[in-house]
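Have a look at the model first, and then we can go through the details together.

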Amino acid sequence: MASLAFLLGTIPSTDKVEMADDELRADYQAFKDFENSDELKHYLELEKEVTSSSFAIRKKQIFKEKYKASEAYRKEARYNQLIKRLKGEESTELKELEGYINSEEFFKKKQYLTMKPKERYETTEEYRKETEYQTLKKSEKMVWYYKTKKKYPFKEIEKWDCTFE
């Protein structure tokens with residue numbers, strides 16, 4: 001006759017135990033595969049960069065930049081002064097500044113520096129990296145990996161010596 005513990009259900013059936021064991025092994029393999037994946041390596045590199053103090057300093061500088069404090073503004077102001085002072089006379093400095101003011105580089109710099117700080121930040125490589133980091137951080141795989149790493153239910157599996165599979 002079957003034991004009382006088995007009849008009351010306190011001892012799980014062999015199928016349930018084997019199924020749980022197979023699931024644990026599959027999770028362990030998935031954990032180890034992800035631990036060695038390029039995705040995790042990329043995430044860790046991004047995390048290192050985005051959480052660094054140099055990144056925070058660069059981000060702060062982008063928000064603090066002003067057109068009036070820039071070299072482009074000084075050159076434009078100097079150009080306007082020379083035009084008023086020389087009134088039609090030619091000068092090499094005036095020609096150089098005029099070439100710079102009419103250049104694509106100046107136009108882009110002025111457009112960039114006259115944007116609102118938030119819009120300006122959104123055009124930078126730092127913003128792209130930060131958003132990619134946040135997206136990866138919230139991804140299902142990362143959440144699962146860090147949750148599993150914290151619990152680490154594989155201690156028992158690592159003790160096992162698989163003789164046959």
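## The buried face of H9

In this predicted model, helix H9 buries Glu126, Lys129, Glu130, Tyr133 and Leu136, where buried means under 20% relative accessible area and exposed over 50%, with partly exposed in between (1.4 Å probe, protein chains only). These residues lie on the same side of H9 because they cover an arc of only 130° around the axis, taken from the directions from the helix axis to the C-beta atoms. On the other side of H9, you will find Thr135 and Lys138 exposed.

Helices here are DSSP runs of H or I with at least four residues, numbered from the N terminus. Local features need pLDDT of at least 70 and side-chain atom pairs 80 or more, while totals for chains, interfaces and linings use all residues. Residues are numbered from 1 along each chain, and side-chain values use heavy atoms, without hydrogens or water.

## What H9 packs against

The partners of the buried H9 residues are helices H3 (38-50), H4 (53-64), H8 (117-122) and H10 (140-151). Beyond its neighbours within four places in sequence, Tyr43 is in contact (heavy atoms within 4.5 Å) with Tyr133, Leu136, Lys137, Met142 and Tyr146.

## The nonpolar core

Leu40 and Tyr43 touch the most other members of the largest nonpolar core, which has 17 residues. Such a core is a set of buried Ala, Val, Leu, Ile, Met, Phe, Trp, Tyr and Cys residues joined through side-chain atoms within 4.5 Å. Two or more residues each come from H2 (14-35), H3, H4, H9 and H10, and H3 gives the most, with four.
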